[in-house]
Amino acid sequence: MRKFVLYNPIRMVFGTGEFKRLGELAGEYGKKPLVVVGKSHAKESGLLNRALRNLKSAGMEPVVFEGIEPNPRLGTCIQGAKTARDNNCDLVIGIGGGSVMDASKAIAFGFYDPDGMWRRIAHFLPDYEPVDKALPIVLVSTLAATGSEGDGGGVITNEQTNEKMGVFGECLFPKVSIIDPELTK
């Protein structure tokens, strides 16, 4: 039986109003985050603007990547990873529900090889390589129920092959997860 050892425990920050600490907490892991959000909720609710103001006031230079769909697609994750690379981002911040958090994890490891992401997900491929490195990940959950803020895995859909696969790796555990009940009600 394979023994699983978690070397880098997740720092869970829970409480009403804790979202305001985003810049402080994320700033421990980088200065130029790729901020990953879905198609509309974060923007329409004002949450994205609050996050950007908070990050900028902490001296960070955030880059926004919008458009993560439910059941995040490989193509979207590849595009996010390339955006992170093109902008020299040094961490990934996911703000949203399970799909955004899963996509953020894929983007974080995809940063190192965007075009080779699927071979790190699809374990049945002959050229499969396990995920072994990723940018630091900070997650902000806006949906109580996914659990993605507390694990080292995600589910990604390859829209070209109609395959939906899980990806796991110790490096995919978030460094910090913020769970603020004001964001999940």
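Which residues of E4 are buried on one side, and which on the other? In this predicted model, Leu91, Ile93 and Ile95 form one buried face of E4, while Val92, Gly94 and Gly96 form the other.

**View 1. Parallel pairing of E4 with E2 and E5.** Strands E2 and E4 run parallel and are joined by 4 bridges. Within this pairing, Val36 has Gly94 of E4 as its bridge partner. E4 also pairs with E5, again in the parallel sense, over 5 bridges.

**View 2. Helix H4 and its covering elements.** H4 comprises residues 74-86, 13 residues in total, and its first and last C-alpha atoms are 18 Å apart, close to the 18 Å expected at 1.5 Å a residue. The buried residues of this helix are Leu74, Thr76, Cys77, Ile78, Gly80, Ala81, Thr83 and Ala84. The elements covering them include strands E2 (33-38), E3 (63-68) and E6 (153-158), as well as helices H5 (98-110) and H6 (117-121). After H4 comes Asn88, which has a positive phi, near 55°.

**View 3. The largest nonpolar core.** This core contains 33 residues, of which Leu34, Ile107, Phe109, Met117 and Ile121 touch the most other members. Two or more residues each are given to this core by E2, E3, H4, H5, H6, strand E5 (137-141) and strand E7 (163-168). H5 gives the most, with 7 residues. Apart from this core lies another, of 22 residues, including Leu25, Val37, Leu48 and Met60.

**View 4. The surroundings of Met117.** Met117 is among the residues that touch the most other members of the largest nonpolar core. With neighbours within four places in sequence left aside, Met117 is in contact with Leu74, Cys77, Ile78 and Ala81, and also with Ala106, Ile107, Phe109 and Gly110. Leu74, Cys77, Ile78 and Ala81 are among the buried residues of H4.

**View 5. The aromatic pair Phe111 and Tyr112.** The structure holds 1 aromatic pair. The ring centres of Phe111 and Tyr112 are 5.1 Å apart and the ring planes stand at 85°, so the pair is edge-to-face. Phe111 counts as buried, at 15% relative accessibility, whereas Tyr112, with a relative accessible area of 36%, is partly exposed.

Conventions: Residues are numbered from 1 along each chain as its sequence is written. This is a predicted model: local features need pLDDT of at least 70, side-chain atom pairs count only at pLDDT 80 or more; totals for chains, interfaces and linings use all residues. Side-chain values use heavy atoms; hydrogens and water are left out. The expected span of a helix is 1.5 Å times one less than its number of residues. Buried means under 20% relative accessible area, exposed over 50%, partly exposed in between (1.4 Å probe, protein chains only). Contact means heavy atoms within 4.5 Å. A nonpolar core is a set of buried Ala, Val, Leu, Ile, Met, Phe, Trp, Tyr and Cys residues joined through side-chain atoms within 4.5 Å. Two strands pair if DSSP finds at least two bridges between them. Rings of Phe, Tyr and Trp (its six-membered ring) pair if their centres lie within 6.5 Å; planes under 30 degrees apart count as stacked, over 60 as edge-to-face and the rest as tilted.
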